[in-house]
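Please look through the sequence and the model below before reading on, and keep both in view while the explanation moves from one part of the chain to the next.

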Amino acid sequence: MASLETHRDAATSALPIQMEKLLEYPLRAMTKSSSKKSKPIAVVLDALDECEGRDLVDQFLRLLSHLILNLPADFPFKVFITSRPEPHIMRVLKGDDLNQVSRPFVLHDIEKSIVHADIEVFFRHELSKIAREFNLSGQPNQWPSHTELQELVNRAGSLFIAASTSIKFIADPYMRQPGDQLVALLKDDRASGSSPYKDLDQIYHHVLNTSVGHCEDASAPICIRFRQIVGAIVTALDPLPPSALGRLLNVRATDIDATMAFLGSVLIIPNEAYAEHEPLRAFHLSFPNYLTERCSDARFAIHPILHHTALALRCLETMNSFLKRNICNLPDPLLLKCDISDLEERVSITFLLYHKYACQHWGFHLQAAAQSSKLHPDHHEYALLKDLNYKLVEALNMFCKEKLLQWIEALSLLKCLDIVIPMIGATEKWINEGDAYNKEDLLALMNDCRRMSMRYFEPIRQGASHIYHTALALMPQCKIHEIYKSELQSSVRLVNPRDIGWNPCMCILAGHTSWIMSVAFSHESSKIVSGSGDQTVCIWDATTGTLVNTLKGHTDYVSSVAFSHDSSKIVSGSFDETVCIWDATTGTLVNTLKGHTNAVNSVAFSHDSSKIVSGSFDKTVCIWDAISGNLVHTLKGHTSEFKSVAFAHHDSFIISYDHHGRCLCWRTDNFLECSGNLQQLSIEGEWIVMAPSSDKSSRKLCHLPMPSNQLGDIAYSGNQVAFGSASGEVYILDFSSMYKSM
């Protein structure tokens, strides 16, 4: 609590800052306390797999492992994590950072007899509470009977969620007949098949059958209403309260209430007092999974493509009717947001929950629809999907031509402008895969919107109206300017004619205080890393151009930087003769590699991220273990300072290039015998020549009409090498035959 009082802004801060202020600071204070030994501390993280945002989950786990590794070994701190074995979670848990501090425990490995005994204890406890509440304990016969209890245990299998759902169904407050509910639940024949979820699925199906009054017609209004409302609940990208969901879907509150009435055993339904604020959501992820993946009953099966399409349409229709310029009625729109004292109050009054949802999720619903399985033309809901798609194209056209700038203004006011670029990318994917009649116009608008958002991100972030007063005023002639030029009401006027089309420069990253010596993209292209003469390494968001983190640790120029292939680590080389490895998520210095005796001016990761190669002015190439930081081998053969070093794509070779124009290729399978595996590329006059080290003759490979000292950096891909030159030209050479001879 003291930490929360001290750091009141922690809850809205970036995840690394939250971890630092709310967990790391209190724990470190306890380790330094001179009082008696601390009591054991346990942190429980339940259902980690249900957390939104894979990147955030990965980042959290890495931050947590860093914290644990840096606590004293005898400090009594434990973290208990429960999760389904999702691949992205298991990959991080089995990584080098967490693997050394974690101990996995697989529930499915527990003997079934032990699990069944625990489930029986749970049933006895919960059913005794129900019996007391409904005065069933005084019946002539014991309730439930021993046979009924054992059947409940057997039907639950090894899944506690099945037992929990059964109890919620039996005690459903709308039914008020737990005895009848129990009989109805056990009346169905046991499910057959080998699926581990067969018994749970049968319970879910019974609950759903009850919710529609056992109606057998999938096209009946009650079943259509069920799929519309429950489909929206399980496919919504953020859970919404009943009132907001109804407004978004344009469904009456009475219809929401009627649909929810008998679903209290599978959905968390807020009571009437909290209906405006508490969201509707599933008790357990297995219920949405059942509806979208395993349910074969046409009355209840939820097809994500249909509901993502419907939600995208309703989001666009909501924005088309709601958005307008200066939507918060600011008295002076030219003021920056930080100078408007009542801005937060105005935003909270203007944007209701479903307005915010529409602005923040419409494009991601389009993307999800594009990625979902298609419906067969014979499917009973195919005609509905076709009609939704037609309306969606019309709504998207209206939005792009009338509301696009107002949407960006709204995102600035809602402090989520950074989702513009991902949303545009998601929309482009849907347009490309769909059948919109004006694809070219829509894609041109999306491209203009991306370029505008990247170029003018900072002024729009600081003042929402600068989408009009700065971006629209200064942008070149393009589709978006052509459509929205009537919105141009700025005191800024261009003296010279507008440029035609966007400048090739997409964004300028400003943050270093000296010249920049090296830049690199992460492999998924979401981040950029740069090294500078100011002795720092900067990480940038490649989408928005914002500075994410500044890494400090070098004591001289940072001459070379690179991401690992999985983008989790960054390596940097410096004139301080060291190579540093950084955690790309947290910015933490993981290791400092020392072994060179002069400035390091080129570094690279192997493609499996297990090795690092560095080249130095000491004329050596060093191979390092990226995990332990140990020096694996030092390669010698150059007679002048390095320019560049890189791994071949398959990691079988390392290629290095020096200031004398000499290029060496090394095998990585046996560094001790590298002299026999060495091929040389060098420059003789205006020729690139190649010769094995044991052969004095040379083979002229290529004529380059420039001095050798004008060759710059190199890049390596497969059998090709790209040479940069001072003339501004890049030469790409293929050396397939060279590798065959090795």
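A polar contact is a pair of N or O atoms within 3.5 Å, where, within protein, one atom must be able to donate a hydrogen and the other to accept it. In this structure, which is a predicted model, the side chains of His-308 and His-365 are joined by such a contact, at 2.9 Å.

His-308 belongs to helix H15, which covers residues 304–322. Is His-308 buried or exposed? Its relative accessible area is 8%, and because buried means under 20%, His-308 counts as buried. Leaving out residues up to four places away in sequence, His-308 touches Thr-235, Leu-237, His-365, Ala-368, Ala-369 and Ser-372.

In soluble globular proteins, nonpolar side chains tend to be buried together. Phe-123, when its neighbours within four places in sequence are set aside, is in contact with Leu-149, Leu-152, Val-153, Ala-156, Ala-163, Ser-166 and Ile-167.

Four strands, in the order E9-E10-E11-E12, form an open sheet with antiparallel pairing, and its edge strands, E9 (558–563) and E12 (589–594), each pair on one side only. From one strand to the next, the twist averages 20 degrees. Strand E10 (residues 569–574) and strand E11 (residues 578–583) run antiparallel and are joined by five bridges, and the bridge partner of Lys-569 in E11 is Asp-583.

Notes:
Residues are numbered from 1 along each chain as its sequence is written. This is a predicted model: local features need pLDDT of at least 70, side-chain atom pairs count only at pLDDT 80 or more; totals for chains, interfaces and linings use all residues. Side-chain values use heavy atoms; hydrogens and water are left out. Two strands pair if DSSP finds at least two bridges between them. Helices (H or I, at least four residues) and strands (E, at least two) are DSSP runs, numbered from the N terminus. Axes are lines fitted to C-alpha atoms, for helices over the stretch in contact, and angles run from 0 to 180 degrees between N-to-C directions. Buried means under 20% relative accessible area, exposed over 50%, partly exposed in between (1.4 Å probe, protein chains only). Contact means heavy atoms within 4.5 Å.
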